[in-house]
Amino acid sequence: MRKKLLLSFMLLMSFGIMAVYGQQIRVTGQVTSADDEMPIPGVSVSVVGTTIGTITDVDGNYSIDVRSEDDVLRFSFVGMARRDIMVGDQRVINVTLEPELVGLDEIVVVGYGTRLRSELTGSIASVRADDIAGTTQPSFESAIQGRAAGVHVVGATGKVGQAVKMRVRGVSSISAAGEPLYVIDGFPVTQDNLGHGGNEPLNPLADINPADIESIEVLKDASAAAIYGARAANGVVLITTKRGRDEATRFSFNVQQGFSDPANKVGFLDRDQYLELFYEAFDNRMALGYSPPWGISDPDVILDILFPFRDHESQPNVNWEDQAFRTANHQQYDLSVRGGTEATKIYSSLAWTDQESILKGNSFDRASGRINVDHAPSDRVSLGVNLSLTRTRHFRVANDNAFATPLQMVALPPLDPTHIPGTDPPELNRNTLYDNGLLPLKYNTEDTEIFRNVGNIFVNYHILPQLTLRADMGIDILNHRDIMYRGRLTADGGPDGFGYDRTVTRKNLTTNTYLTYDNNFGNFDFNAVGGTSLQYVETDFASISARGFPNDNFRRIASAADITGASSSGTKFSFLSYFLRSNIVYDGRYILALSGRIDGSSRFGADNRYGFFPAASAGWIISREDFMAGMPTISFLKLRASWGLTGNAEIGDFSSRGLYSGSNYAGLPGMVPTSIPSPELQWETTSQYDIGIDFGLFDNRITGEIDYYHKKTEDMLLNVQIPATTGFTTITSNVGEMENKGWEFVLNTVNLSGDFTWNTDFNIAFNRNKVLNLDGQIIGVRWRAMEGYPIGVFWMPKFAGVDPDNGDALFYTDDTRTTTTNNLAAAADQVVGNPNPDFIGGLTNTFRYRGFDLSVLAQFVYGNDIRNGGHMWQAESFATFDNKIRYLYENRWQQPGDITDVPQMRLGVGNGYGLSSMQVHDGSYLRIKDVTFGYTLPRSFVQRANISNARIYVKGLNLLTFTDYIGWDPEANFTGTGPGSQTMNLTQGYDFYTAPQPRTITLGVNIDF
């Protein structure tokens, strides 16, 4: 009986299964492109809400089994607009895919939402994933350089992982930070340098893997940025990471390998040239009646004292510039997965970057992982999580102002050998004119390791079809550790070694809760966002230093005999904010946007803890008016205008407070006042208006933007000088005004289309900065902020040229520049240069033919001056024994009648030696910034290996630079040292033995499967 029942059950199950399979419906078809009607291989074809999916073959054909006629097929392909089609009674479904909407119809991320670009009333520059992909720099800012109008990006140095300076529409502050606010997936992240005070600032944004970024938006005007209120005066950079899609799961693997060398070498004297100049300078000194240096009348005796190995049989002839540089290698590996269903979407990645600097001893590596998940358990609820984990390591060398840094080795004459001649094994020479930089490279280490967790969770609840509540919470936890050891044989570590260990922990927590309302009332489209935000940031520091190590194999503090210092401290700040924004579009033509934000900050005085930052903007899409119907040439035309207030709160966490610190007084504990209170301290406020035109011509084959803006900063946060009798020298107060005004132009053209395409993107921006009011104060010494001048002008004697009769260096005696003197001490200090450029911009040409693609980015800066601090020794008339640049050797004054800007060589006399505009040079340049040539293999070939797409490419970075600058690199900018140096606005355009940008060649392969 049991056997009969079991048999009957099995038969019923078999019929049931057959019935189920019998209900399946097979759908076939072909997918083609709307552009050329050609079939598209590799298109993802999936059944919405299921895991059923396939891809089209080499002829664009597909076949898929669906469950019922109610199923919906989704067709998606990179670069094409997605299509959803219900099966119904169709058994053959041929599909045409349109190119994805770009340009005026693209979606742009704005604060707490998105908008169509055609309906924007603010000024926003966008950089897309294609521009970021394949970047060979550790951080993503380089992808913005030359691509966003009005955004000035300066790679401060050729050292990897160092801070990058970004200024949006000029500098708006003197003492407060000048960097824009960086927001990743809706949350402000840690962006300030947490490194120790003895080296240049690191770049915390280098912890972010550029390959994970989907888009970057730079909010430039007040209308776009005011939703971020108190921290938006310098602009806002919105970074959106990649997310999953409702399509078949795809893997992508990208590998890069390449090498770098210096983009430029200055060129210094060799042995024969140095000796020629030395003897010439000695003879000129004696001919002018000066006494012999140190009473020694024989120049060879002086040389023997300074360079004891110069006459060794090896005849030292060292190129110390080459000793500082190397051919650097880099490699990068990225693996990502992207896909999902209508209910659940996922993006995940793993990446490894290993990059050497062109400077010996400096390198950077990063291991990172990311997972972004979106899940919609019902029609009314969606939630998700974004999480990235990163470990970054910086292997550092000393700051540019230290003899231990590799590039200061160029000061050593070629007569100094690197190693003591005749030693076996070779022993590094410790008897050089200055410190031998190869010693710290061998015996010193300075390593920084950073563990960082950036993530957020969110939930959306659709209260009504038009009303959505969103709550999210983000964290940014950064653990930073510096470990330093200076060897026993080095100048800064001898005689028994020096060790330093420092840790920093930064906890950054942000919560946002806001409502979004979208509705349509007849001809009115209405959108509103309103909510609250809370940010809390806490930072803890601890450090210890020691001396007395047994030998250089013992480098940890536990091995030291003497603890020389120990410290711990902490700081914190918080923001409480309320924000509201509304957008109204009437009849698709008239646009009005209003926003406001109230920010409260713990940093400001009790009397001014809160500030209000409103903005308003309007737009008129003229091309949609009836009277434009007869003008087919004009595809799109929009006039927009905006005004708003933004703030700057980036000062010390307790600048408004009267502070005390603990102290040791004769072995007894005590308290010492460290600052006086400023209870009225308030926000630095920038008002900005912007008038712009967006246009498209000839069916949008030509599109562009024109903007005029005026920014005025008031109540500047300034460290004001006070009488020293108070026990203090400065107090942070609200003093002064500054303005920036300028024009921005963007032009994008489709020059050729079809099998061969050629697109051009051009942008140029003009900005003029002026300090309007400082209550009569002058800020700074050699870089100054003065009323009526741009910020950071150079203040020093003005070089008037070389007297052609006698080779004297001449200087102006006053700012009328009518009389001169050969006595530098008698020359008048005056404004001799301006580090702010007249204009900046970029030109990108992109070509495509069948599977080939070529992109060329030229980036330019014009009108800025650079002070080359090293030229006081590298390019002077042999007042010192430093090695000299070849420019000096080739252009020096030698006989009456010579017309030149290089004075006569005079040993130890100082003919022009000292601080003057002789060290100030034009920093304008045009650079071939990025050239990428790629080839996408035919899909008919790669699909045999189950690969949907494969591309190989070669990329060149900083290939050519056209400039008159006499130095390593006009882009380099020594940022100083210490935690605050990253945000310095006054000290700009400074080159002090600063490493040039690397010239990089990279070979890459990208595979999708």
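Four elements, α3 (222–225), β26 (562–586), β27 (590–601) and β28 (610–621), each contribute at least two residues to the lining of the second largest cavity. Helices (DSSP H or I runs of at least four residues) and strands (E runs of at least two) are numbered from the N terminus. A cavity is a set of points on a 1 Å grid over the protein atoms alone where a 1.4 Å probe fits but cannot get out, and lining residues have an atom within 4 Å of a point. The model is predicted, so local features need pLDDT of at least 70 and side-chain atom pairs pLDDT 80 or more, while totals for chains, interfaces and linings use all residues. Residues are numbered from 1 along each chain as its sequence is written, and side-chain values use heavy atoms, without hydrogens and water.

**Second largest cavity**

- This cavity has a volume of about 210 Å³, the volume being the space filled by probe spheres set on points joined across faces, edges and corners.
- Its lining has 19 residues, and T121, S223, A224, R581 and N583 lie nearest the centre.
- Nine of the lining residues are nonpolar, seven are polar and three are charged. Asp, Glu, Lys and Arg count as charged, Ala, Val, Leu, Ile, Met, Phe, Trp, Tyr, Cys and Pro as nonpolar, and the others, Gly among them, as polar.

**Largest cavity**

- The largest cavity is lined by 32 residues, with Q137, P138, T157, V164 and Q997 nearest its centre.
- At least two lining residues come from each of β11 (151–155), β19 (344–356), β49 (949–963) and β51 (998–1008); β11 gives the most, with three.
- The lining of the largest cavity consists of 11 nonpolar, 16 polar and five charged residues.

**Helix α5**

- P299, I302, L303 and L306 of α5 (299–306) are buried, that is, under 20% relative accessible area with a 1.4 Å probe and protein chains only.
- These buried residues fall within an arc of 100° seen down the axis of α5, so they line one face of the helix. The arc is taken from the directions from the helix axis to the C-beta atoms.
- The buried residues of α5 pack against α4 (271–287), where contact means heavy atoms within 4.5 Å.

**Residue Q943**

- Q943 sits in the loop between α10 (939–942) and β49.
- Q943 is buried, with a relative accessible area of 17%.
- Q943 and F1009 are 66 residues apart in sequence, and their C-alpha atoms are 9.0 Å apart in space.

Key. 1 Å grid on protein atoms, 1.4 Å probe; cavity = no way out; pocket = protein on both sides within 12 Å on 5 of 7 lines; lining within 4 Å. Buried < 20%, exposed > 50% of the residue type's maximum accessible area, 1.4 Å probe, protein only.
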